[in-house]
Structure formats: structure tokens, C-alpha cells
Amino acid sequence: MTVELRALSTQDRERVIQASIEAKNGAYAPYSKFRVGAAFLTPDGQIIKGANVENASYGGTICAERTAIVKAVSDGTRSFVALAINTDVAQPVSPCGICRQVIREFCALNMPILLVPAGYEIGGNGDLLETTVEELLPHSFGPGELELPRTS
């Protein structure tokens, strides 16, 4: 999806970070004990939250980032301007590979992704890591590649 990204205001930044922290409380992680919360900010200011949901059949597990995207897309939202991800780990943790690819499907390459460590205080600098889709998934394959001309 192509969305014209605007600079993320301090207020929107704090809202999406706080939402990721809140989302983590919905995690179901009885096996790994690794709770993750994710929150997307939409162009119209909506926040869509997701948490990881594990399954005894490990392949049935869904990560927080994909939970949030599936919720949004199934309700008709396909454009995002920011993503925040929070865990219980005291350092920033980035999305897994499959989540990176799913994020790439719906988000601009330069969309900010905020990796929020446990204990992060809103308004503080802390160890928050700000990155982008392109930095997390360089040389990526996305919807645009399907439109490229093919040779016989």
C-alpha cells in the first residue's frame, strides 16, 4: 500500500507506543512465556492492537504483528503510518521474518517501526529503537514486484 507518510507527531508516537504496551497484556504465551504487543497507527489516527497467541501445535501460533494486521485488514483497513512493538525484554526486539514480510505487504518501506523495550517510559529516550520496514527487510519482495514486466 502506498501511503503518504507524515512526520510522526510526539502525541501519535506516544499513543502508538502506549498501545503496544497495553496490547502485550492480551498475549497468550503459556509455552514460550514471551509476551509481545503490537500497535499500528492508521492514517486517520486509529490504533489497531494485537498480541501474540500461542498454540500447543507450535505452527498454529500467530505473532502480535500479524494479529494486528489481520484484525485491521479483515475490518477493511489496509494503510498504516507507524508500528510499535513491545516485549518483556529490556532491549528492543524486532519482528520475526514472516512478520516482516507481512508488514511489507501493507506498509510503506519508509514507515517508522518503534521497537520498545520493557520498562520504557513514555516521553523518555530509553533504549527505544526506531527503524523502518526497508531497514528490517532490505531488498524485499512486495506487491510492486508482481507488476514488473516478464520476459517470455
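Is tyrosine 58 buried or exposed? At 61% relative accessibility, tyrosine 58 is exposed; the class requires over 50% relative accessible area, buried means under 20%, and partly exposed lies in between (1.4 Å probe, protein chains only). The model is predicted; local features need pLDDT of at least 70, side-chain atom pairs count only at pLDDT 80 or more, and totals for chains, interfaces and linings use all residues. Residues are numbered from 1 along each chain as its sequence is written, and side-chain values use heavy atoms, with hydrogens and water left out.

The sheet is open and has 5 strands, in the order E2-E1-E3-E4-E5. Its pairing is mixed. Strands (E, at least two residues) and helices (H or I, at least four) are DSSP runs, numbered from the N terminus. Two strands pair if DSSP finds at least two bridges between them. E2 and strand E5 (129–132) stand at the edges with a single partner strand each, so one side of each lacks a neighbour in the sheet. Neighbouring strands are turned by 20° against each other on average, direction ignored. The angle is taken between axes, which are lines fitted to C-alpha atoms (for helices over the stretch in contact), with angles running from 0 to 180 degrees between N-to-C directions.

Strand E1 pairs with two neighbours. With E3 the sense is antiparallel, over 6 bridges. Here glycine 37 has asparagine 86 of E3 as its bridge partner. With E2 the sense is also antiparallel, over 5 bridges. Leucine 41 stands opposite isoleucine 47 in E2. The hairpin of E1 and E2 has 5 residues between the strands, and in it glycine 45 takes a positive phi near 95°. E3 and strand E4 (residues 112–116) run parallel and are joined by 4 bridges. Isoleucine 85 faces leucine 115 in E4.

E1 is largely enclosed by the rest of the structure, because 6 of its 6 residues are buried. In a regular strand the side chains alternate between the two faces of the sheet. Both faces of E1 are covered. Val36, Ala38 and Phe40 are buried on one side, and Gly37, Ala39 and Leu41 on the other.

The count of aromatic pairs is 2. Rings of Phe, Tyr and Trp (its six-membered ring) pair if their centres lie within 6.5 Å; planes under 30 degrees apart count as stacked, over 60 as edge-to-face and the rest as tilted. Tyrosine 31 and tyrosine 58 form an edge-to-face pair, because their planes stand at 70°, with ring centres 6.2 Å apart. Tyrosine 31 lies in the loop between helix H1 (10–24) and strand E1 (36–41), and tyrosine 58 in the loop between strand E2 (47–51) and H2, so the pair ties together parts 27 residues apart in sequence. Tyrosine 31 is partly exposed, at 41% relative accessible area. The rings of phenylalanine 40 and phenylalanine 80 have centres 4.7 Å apart and planes at 50°, so this pair is tilted. Phenylalanine 40 belongs to E1 and phenylalanine 80 to the loop between H2 and E3, so parts 40 residues apart in sequence are tied together.

The largest pocket is lined by 15 residues. Phe34, Val36, Asn52, Cys63 and Glu65 lie nearest its centre. Helix H2 (64–74) and strand E3 (82–87) each supply at least two lining residues.

Proline 149 lies in the segment after helix H4 (133–136). Proline 149 is exposed, with a relative accessible area of 78%.

Terms used:
1 Å grid on protein atoms, 1.4 Å probe; cavity = no way out; pocket = protein on both sides within 12 Å on 5 of 7 lines; lining within 4 Å.
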